[in-house]
Amino acid sequence: MSVLQIDFGDDSPTSAPRVVGIDLGTTNSLVAYLDLTAPKVIPGADGSPLVPSIVHFPASGEPVVGAAAQQALLTDPHNTVYSAKRLMGRGAADVAGELSLLPFSLAAGSESVIRLAVGGREVTPPEVGAYVLRQLKQNAEAVLGEPVTQAVITVPAYFNDAQRQATKDAGRIAGLEVLRLVNEPTAAALAYGLDKRQNGTIAVYDFGGGTFDISILKLQEGLFEVLATNGDTHLGGDDIDNLLLRVALEDIASEWGRDLSADNEAIQRLRRAVIDAKHELSTLPATTIAFDYDGREYRRHLPREVFDKLITPIIDRTLGPCRSCLADAGLTPEQIDEVVLVGGSTRIPLVRQAVRALFKAEPHTELNPDEVVALGAAVQAGILSGEVEDQLLLDVTPLSLGIETMGGVVSKLILRNSTIPASATEQFTTAVDGQRNVLIHVLQGERELAKDCRSLARFDLKDIDPVMAGMARIEVRFLIDANGILNVSAKDLRTGKEQSVEIKPSYGLTDEQVEAMILESFDKAEEDFKERQVRETRVEADRVLAAVEKAKQSDAWFELPASEQAGIDQALNELLLSYHGDDYVLIQSKMEALDHASRGLAETMMNSAVRGALKGTKIE
Amino acid sequence: MNSLPSDYYSVFGIAPTLALDLPELQRQFYVLSKQFHPDRFARASAPEQQYALDFTSLLNDAWRVLRDPVSRAEYLLKQQGLEPGDSRTNPPPPELLEEVFELNMALEELRAGDGDARGPIAEALDRFLAMRDQLDRDREALFVRYDAQRDAATLGDLRALLNRRRYIENLVRDAQQALS
């Protein structure tokens, strides 16, 4: 062990690895860390902390992430994945409606996990997320100058179990230990709580690129207690973009007499144009959607009043969850002391107006709505690492958890808005003599019937002692942990033994599949490393080859005995032969051999240089 | 490693009474949360992490059940071996039969599109709410009586009261749903 690596023991605050906070967003992602006491976002190589959540999968070569991939959205839309967060933890049937607007297509077998066919391969949403996370990890490592292996990642508060699990899988595939999943609105409250540590009730209205959340929290002496949460995991700025896109496509169809809706390149350019217009309308009273394509121009004047009228139905969809959330918290709008706005879509004036009208309060916008969630995640990272001791988050589960009983009815075990971790136990028995298995179907949702709730998983209680029907007594414990993820354990009450439980997730990857992806990414990382080594070794070999070629033109070469000349030529040829192979270790050894063989030549050259210098002749 | 508390009352280290000082219980909930929450043990050993998770989930479950007087009473009854009756199979209390009959008529009329039925439903709702309030006052009295005597007879009365309350609660819910 080198001197620099000596461990100064566990008391040293630097001995524990740093935990970063990550906002894995629909549109953009960020990484932040706790610097002494204040959270800070970490910029990438381009200086911006926002990494577009876009991954380009070229037909050959490594995927490209972020701003670089944004360009590919225009040039290679079929192989460029964006808004992958909307596909997390979902199956093909869930996203059939919106896929028509996305340029990439699904591979077969997407029922329980979506598989995107891009760049001649198949990728799942957690893998796409992992590419973005890996980029953030690298950005953090570059700035912090140390390896980053542990993270807090934020998720929409209204994410269900499968969506949370998919996010956690993305972290694992990216080589990150996910210490905690934190709900985005709660994280935002933490970020705000740093400056003003007062007591009161706050509502966080989080309207992002693809998801909407509302959370109501009680703040009391550093304790952030979530009273209720609600939302829509399929409602965001994307919906506004799609709406404007449809309007523009109709315009163009009637103006140009041409339907562009199947032309991916045109769609991506037009999408860019309507997004630009949407952004401008946050500050300007009117703008123009400008789109040039195939030698034709489309210009549409768009005053804010028209824009507002168009998007009102979308904004109204956020108000229902807000009212339900207030009712669940047992509060009236007047009892909310502060309102915090989070997410890029809250820059829209109509959104601010709607929030103001509902809560009868001027919303807080001091922190950058794009950064506030990542900043809060960094605070939570500080809580977990022990750097922040005076704050604690008590969050809730957004959806009720239940099991399917006779007649397809759901029996609720843990109600929504229960503080997590939360648990429930239920006893099961057998229906037939000698029955060895009991299958339990777990669901999430508020509806009465199983078919109207989200199927979460089927748990198979296996190897039950074969006894008479009704004699078996299996106690099953359902535990929702602090990440909002379900854990199930079972005990045979007759024997007191732990009962084995086999989990079949309804949506999402199995543990084995995630493990395989982690392995593959390690292999990939090794391949990447090898490729880089080969490239670097060749550069070095180029230099050596050039130097030797040049020396062979010098007087010193001709002073060498013929045997030594032959030795050098032999080593030179061997290096040239290995040069185009992939074995960088071989190239290095051939380089060393050449270096060794030409030592006499180098000495002779040095001597003649000295002689030349003594003679006053400059030798080049 | 400490073993987990065996019931919701012992999580808080308090005697199993029906009447509780809620602000004090809440204060205790916050104190224990700050002490045992899994976030405080993110870097602890695996058994410590497991204990923090198990204890905190028990604490949260206990706080959720004990803070509400009705669920608290149901919990204590269950602990004493008195399962509550199933409200779906229980017949309506006899003195409510006529009320329930009239409410169902009005609900059906409203469903059939007769807006005039809203008036009688709203009136019925007011009566049910008043009944519920009265039951809650009676329940408080039973709480005090049980805590003093700790007798089976009071628990029996409490069980009957809770069954009746659950029935009225369902009527309140149906009426409110119809009116909203």
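This is a predicted model: local features need pLDDT of at least 70, side-chain atom pairs count only at pLDDT 80 or more; totals for chains, interfaces and linings use all residues.

What pLDDT does chain B average, and what share of the residues score at least 70? Chain B averages a pLDDT of 88, and 94% of the residues score at least 70. For the complex, the predictor gives an ipTM of 0.86 and a pTM of 0.80.

Let me turn to the contact between the chains. Chain A contributes 18 residues to the contact, and chain B contributes 14 residues. On the side of chain B that touches chain A, helix H2 (22-36) and helix H3 (46-66) each supply at least two residues. H3(B) gives the most to that side, with 6 residues. Sorted by class, the side of chain B that touches chain A has 5 charged, 5 polar and 4 nonpolar residues.

Next, the domains of chain B. The domain assignment gives domain 1 (8-67) and domain 2 (94-179). Taken over C-alpha atoms, the centres of domain 1 and domain 2 of chain B are separated by 33 Å.

I now move to chain A, and to a pair of strands. Strand E11 (residues 150-155) of chain A pairs with E12(A) in the parallel sense, over 6 bridges. Within this pairing, Leu181(A) in E12(A) stands opposite Ile153(A). Together with helix H4 (residues 161-173) of chain A, E11(A) and E12(A) make a right-handed β-α-β unit. Strand E12 (residues 177-183) of chain A is mostly covered, as 5 of its 7 residues are buried.

Chain A also holds an open sheet, formed by 3 strands in the order E6-E5-E7 with antiparallel pairing. Why is one side of E6 and of E7 in chain A left without a neighbour in the sheet? Strand E6 (64-65) and strand E7 (80-82) of chain A stand at the edges and have a single partner strand each, so one side of each lacks a neighbour in the sheet. Strand E5 (residues 54-56) of chain A is joined to E6(A) by 2 bridges, and the two run antiparallel. The bridge partner of His56(A) in E6(A) is Val64(A).

Finally, one residue of a helix in chain A. Arg543(A) lies in helix H11 (residues 511-551) of chain A.

Conventions
Residues are numbered from 1 along each chain as its sequence is written. Chains are lettered from A and ligands numbered from 1 in the order in which they are written. Two residues are in contact if their C-beta atoms, placed from the backbone, lie within 7 Å. Helices (H or I, at least four residues) and strands (E, at least two) are DSSP runs, numbered from the N terminus. Ala, Val, Leu, Ile, Met, Phe, Trp, Tyr, Cys and Pro count as nonpolar, Asp, Glu, Lys and Arg as charged, and the others, Gly among them, as polar. Domain bounds come from an automatic or database domain assignment. pLDDT is the predictor's confidence in each residue, from 0 to 100. A residue is buried if 20 or more other C-beta atoms lie within 10 Å of its own, exposed if 12 or fewer, and partly exposed in between; C-beta atoms are placed from the backbone. Two strands pair if DSSP finds at least two bridges between them. A crossover is right-handed if, with the strands pointing away from the viewer, the path from the first strand over the helix to the second runs clockwise.
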